[in-house]
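Subject: Structure handover

Hello,

Here is the structure I promised you. Please open it first, then read my notes below.

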Amino acid sequence: MNAVLTAKDFATSQEVRWCPGCGDYAILKAVTKTLADVGARPETTAFISGIGCASRFPYYVETYGFHTIHGRAPAIGTGLKLANPELDVWVVTGDGDGLSIGGNHLLHALRRNVGLKILLFNNEIYGLTKGQYSPTSRVGTRSPSTPGGSVDAPVSPGQFVLGAGGRFFARGIDTDKAGLCDVLEQAHAFDGAALIEIFQNCIVYNEDVFADFTDRKTAVDQQLYVKHGEPMLFGADGEKGIRFNTGAFTLDVIDAKANPHQVLVHDETNKAIASMLVDLKAPMVLGVIYQDPADSYETSWYAARSNGLKRSSSVADVLRSTNTWTVT
Amino acid sequence: MESIVVRLAGDSGDGVQLMGSQFIASTALSGKDFATFPDYPAEIRAPVGTTFGVSAYQMNLGAERITTAGDKPDVLVAFNPAALRVSLPILDEGALLIVNNDSFTPRNLTKAGYEKDPRETGELDSYQVVSVDVSHLNLEAVKPFGMSKSDGGRCKNFWSLGLLMWMFDRDLAAVEKWINAKFAKQEVVRDANVAALHSGHAYGETAELSEALPRFDVSKAALPAGEYRGITGSEALSLGLAAAGELADKPIVFCSYPITPASQLLHRLSRLGDLGVGTFQAEDEIAAICAAIGASYGGSIGVTSSSGPGIALKTEAMGLAVNAELPLVIVNSQRGGPSTGLPTKTEQSDLYQAVYGRNADTPVPVLAARSAGDCFATAIEAVRIALRHMTPVILLSDGYLANAAEPWLIPDMGEFEPIESNPAPAADNARDTQSLVFDRDPKTQGRPWITPGMPDLMHRLGGIEKDIDTGHISYDPENHQRMTDMRAAKVESVANFIPDQAMELGPDEGELLVVGWGSTFGPIYQAVREIRESHANVSYTHLRYLSPLPKNLKTLLAGFNQVLVPEMNMGQLSTVLRDKLDANPVPFTKVTGQPFMISELVAQCRSMLPPAMVAAAVPAKKGKAQ
C-alpha cells in the first residue's frame with residue numbers, strides 16, 4: 001500500500017525561479033495539490049515541457065520531468081506514451097510554445113487524442129524572450145517587436161482545440177485555485193488529450209491583461225463556471241443566465257430569475273454550443289467547456305497489436321520466412 | 001558467360017520495377033548471384049511516353065561474385081521510344097535490344113524527341129535489335145478474359161517477363177505462385193497475368209524468333225556455402241533494427257515521416273510487430289525524432305529515419321538527445337541534393353551533415369552500410385553504440401542501398417553478442433537521485449538508463465546545461481567546459497570498442513590505397529580487383545565507422561604513397577580524413593545520381609600509378625568521374 005502523499009511531497013528541492021508575483025507559482029500549487037488529491041504516484045507521473053517561462057515547470061515537481069525543446073513537448077510526450085501507456089503524462093506549454101512554434105504538434109496530439117494532459121499557460125505575451133507579442137496577443141498589442149501595435153489577429157486556444165478535433169477543453173485562472181484544481185482533476189480523469197487553457201498573469205510584460213474578468217471585485221459578473229448538467233448561471237445571486245438564441249444562432253445573456261426555463265443547461269458533449277461558449281467574452285466561460293470521450297491514441301495503437309511491444313516471433317524465423325536456397 | 005547485365009525500361013506505369021523484382025526473385029531461386037539498380041523517375045506518373053518519365057530496372061546476373069548492378073547493359077528491354085532513347089547512350093555496342101514495336105508510333109517518337117524512327121535511320125545498326133509486337137501479342141493473350149484494352153494492356157510486363165524468363169531459362173512456377181497470391185481476389189486479373197506470362201514465354205520458343213533470340217546460360221555463382229535469401233537494403237535495415245531489439249531485449253519504436261527514398265523502412269518495420277517493433281507515422285520530421293526521443297526516454301529503443309532534407313529538420317532534436325544523454329538511432333537514406341534535389345537518385349553527400357552538421361560542439365557517432373545485406377549488421381552495431389554510450393547514432397544508407405537487392409547469406413543470430421544497456425541503479429537514500437542519474441561509466445560515458453515508471457528514481461532531464469556531478473541546472477563556465485569535454489570523450493570512446501580497420505583487398509603497405517565508404521563498395525571492389533591483376537601493390541579498405549574513425553586508420557593510410565577516395569559527393573570523406581588524420585588523399589568524385597562505373601574507377605587508379613608500373617595505361621582525367 002502506497003503512503004498517502006500531500007502537495008508538499010510533490011515539491012522538489014529546487015529553488016523556484018519565476019519572477020516574484022508570477023502567476024506560475026499559483027499554478028504550481030494547484031497542480032501539486034491536484035496530484036496529491038487524485039492519488040498520483042510520483043514514479044508513474046511525468047511532466048514534459050518545451051521552452052518558455054512555463055516550461056521550467058518540470059524542475060519544480062517531484063516526479064519524472066523532461067524540459068525539452070521549443071514547441072516539441074507534445075511529440076515527445078506522444079513517444080513516451082507509446083513506450084509506456086501506463087504513465088500519467090502532463091505537457092506544460094505556453095501560448096508561444098504551444099500555438100506558435102509547436103502549433104503543428106499540438107494540432108496532431110489533439111486530433112489523435114493522445115493521452116496527454118496539456119497545460120497551456122496563456123499570458124498573451126513572450127515572457128522569456130522579454131516581452132514580444134505572442135500568437136494570442138490582441139490586435140494592437142505594443143511590444144518590443146511591435147512598437148506601433150500588433151496587426152495580426154490572435155488565435156483562440158479553444159477554437160484551436162475544437163477545430164483540431166480535440167475532445168477535452170477547459171479553462172482556469174492561475175489564482176483561482178478551487179476552479180483550477182477542479183478542471184485539473186477532470187483532465188486527469190480523461191482518457192485522451194485534455195487541454196486546459198490557464199489564464200496566467202505575466203506581471204512583468206503583460207500585467208492585468210485578463211483583469212476585465214479576473215478582478216475579484218467584478219469576477220462574479222464576468223465569469224461563468226460551467227458544469228455538465230447544470231444551468232449556465234452567473235452573477236452574485238445567479239441572476240444572470242445564458243440562453244441559446246435559436247433565431248440568431250447566438251448565446252445571449254438573459255435575466256435568469258425572470259426566464260428560468262430559457263437558461264441553457266450545460267451539455268459538455270455538445271460541440272456546437274462549446275464553440276459558442278469559447279467565443280463569449282462577457283462573461284468569460286471557465287470550467288470544462290467540452291468533453292466527449294473516445295479511445296485514446298495509445299489505447300487504439302496497442303489494441304491494433306496482438307502482443308503490445310513484446311516479441312512473439314524470433315528474428316531467426318522471420319529472416320527465413322521468404323524464399324530461401326542453400327548453396328553447398 | 002561470367003555475368004550479364006539486363007536493363008528493363010519503360011514508362012513509370014509499365015510495371016518494369018515489378019517485372020524486374022520478379023525476375024530477380026526467380027534468379028535467386030535458381031542459385032545465381034545478382035545485383036540490381038532500380039532507376040525510376042521522381043514523378044509518380046510522369047506524362048506517358050516522355051524521356052523524363054522513363055523508369056528502369058537494371059540487373060547484373062552472374063557466376064562470379066557480383067557486387068554492382070553492372071556498368072553497361074548487355075540486354076535492353078525497351079517498352080517505348082523514350083526508354084530506348086534514354087538507355088541507348090549507356091549500352092555497349094553489340095548489345096541486344098528488345099523493343100516493343102507497337103509503341104513506335106509517330107506520336108511516341110515525337111514525345112521521345114525522335115524526328116525519325118531510329119529503327120529505320122541506321123542508328124541501331126551496331127546493336128542486335130529484336131522488334132516484338134509486345135502490346136499486340138499481349139492483348140491477344142489476354143483477350144479470352146474480356147478485359148478492356150487498357151486493363152489488358154497492363155499485363156504486358158508479365159508478357160515481357162515471360163519472354164525474358166525463357167531467354168534466361170527460368171522456371172515460371174515461382175512467378176505464377178506470386179501472381180496467384182497477389183491477385184487472389186481479382187480472378188480476371190490473376191488469370192490474365194498468368195496467361196500473359198505463359199504467352200511471352202511461349203513466344204520465346206516459337207520458331208520465328210528463336211534464331212534471333214540468344215539463350216543465355218548464366219552458370220551457378222561461387223558463393224560461400226550456406227542458406228541464402230534475396231534482400232534489399234531496406235529489408236536488411238528493418239530486420240537489423242528488429243534484431244537489435246531482440247539482442248537488447250527491448251522494444252523498437254520507429255517514428256518516421258514519409259520521404260523518398262526512406263519511406264520503405266517505415267513500410268517494412270510496420271509489418272514487424274511480432275518482433276517487438278512499434279511504428280509511428282508522425283506529423284513531420286521534427287515530431288518523428290521527438291517521438292523517438294520520447295520513446296527512448298520511456299525505455300524503448302527510439303529510431304527515426306529520413307533523407308537529407310528531413311535530417312536537417314531533425315538537427316535541433318539531435319542536440320537534445322545528446323544533451324539529455326539518451327540513446328537514439330537516426331537513419332539517413334541519402335539522396336541527391338541540395339533542397340529537394342534528386343529524390344530518387346543516389347548520393348553520399350550528407351557526410352558533412354552527419355559528422356559536423358549541428359549547432360554547438362555536438363558530436364555524434366556515424367556509421368555507414370556498404371551493401372544491401374550489410375545494412376543488417378550495421379543497424380545492430382548502431383543500436384549497440386547508442387545503448388552502450390547513451391547517445392544518438394547516425395546510420396548512413398542511401399537511395400541505391402535502399403532499393404538494391406542481392407543474395408544474402410542468412411546470418412546465425414547466435415553469432416551476435418547480446419546488446420548491453422546501462423542498467424538503472426538501486427535507489428540510494430544517501431544520495432540525491434538527480435546525481436545518480438548521471439553516474440557515467442568512465443569507459444563509455446554512458447549514464448544509467450533510468451526511465452519513468454521506475455520507483456524512487458525520479459529526476460529531471462533537459463536541454464539546459466547541467467552540472468557534471470549533481471545533474472542540476474548549471475550555468476557555471478568551468479562546468480560547461482567539462483561537460484563539452486565529456487561529450488567529446490563519449491564519442492571518441494566509441495573507437496575503443498570497434499574493430500581495427502582491415503583491408504578488403506591487397507597488402508597493408510604499397511603504392512595506392514583506395515578508401516571507400518557506403519554503397520560505393522560494389523564498384524570499388526570490382527575495380528580494385530581488376531587493377532590488382534596487373535598491380536599487386538594497390539589495396540582497398542572500406543569504412544563502416546566514419547566518426548570516430550578506427551584508431552589504426554592513420555597508420556594504415558601512412559603505409560601507402562597515395563590514397564584515393566572515390567565518393568558520390570564533392571569530396572566529403574577526403575575532408576574528414578584531412579581534418580581528423582592529417583591525411584592528404586586524392587578525391588575522386590561523382591554526383592550524377594548514378595553509382596560509379598567500374599571502368600571509370602579503374603581508369604582513375606591507372607592514372608595515379610607510376611608510368612613504370614603501367615603496362616598499357618589508359619589516360620584518365622584526374623579528380624572527376626565522367
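First, a term. A residue is buried if 20 or more other C-beta atoms lie within 10 Å of its own, exposed if 12 or fewer, and partly exposed in between, with C-beta atoms placed from the backbone.

Two notes on the source. This is a predicted model, in which local features need pLDDT of at least 70 and side-chain atom pairs count only at pLDDT 80 or more, while totals for chains, interfaces and linings use all residues. Residues are numbered from 1 along each chain as its sequence is written, and chains are lettered from A in the order in which they are written.

Two loop residues
B:Asp582 has a positive phi, near 55°, and is not glycine. It is exposed, with 10 other C-beta atoms within 10 Å. B:Asp582 lies in the loop between helix H22 (572–581) and strand E21 (586–589) of chain B. Helices (H or I, at least four residues) and strands (E, at least two) are DSSP runs, numbered from the N terminus.

B:Met390 also has a positive phi, near 50°. Is B:Met390 buried or exposed? It is buried, with 26 other C-beta atoms within 10 Å. Its loop runs between helix H16 (374–389) and strand E13 (392–398) of chain B.

Cis peptide bonds
The bond from B:Gly337 to B:Pro338 is cis, with omega near 0°. Another cis bond joins B:Ser547 and B:Pro548, with omega about -5°.

Chain B has 23 helices and 21 strands. Of its 626 residues, 55% count as buried. A nonpolar core is a set of buried Ala, Val, Leu, Ile, Met, Phe, Trp, Tyr and Cys residues joined through C-beta atoms within 7 Å. The largest one has 258 residues; B:Ala9, B:Ala291, B:Ile293 and B:Val383 touch the most other members. Helix H13 (residues 285–297) of chain B gives the largest share of this core, 10 residues.

Where the chains meet
How many residues of chain B are in contact with chain A? The count is 56, against 47 residues of chain A. Contact means C-beta atoms, placed from the backbone, within 7 Å. H13(B) gives the most to the side of chain B that touches chain A, with nine residues.

Strand E12 (residues 324–327) of chain A and E7(B) pair in the antiparallel sense over four bridges. Strands pair if DSSP finds at least two bridges between them. In E7(B), B:Glu227 is the bridge partner of A:Thr326.

Best wishes

Note on methods: Two residues are in contact if their C-beta atoms, placed from the backbone, lie within 7 Å.
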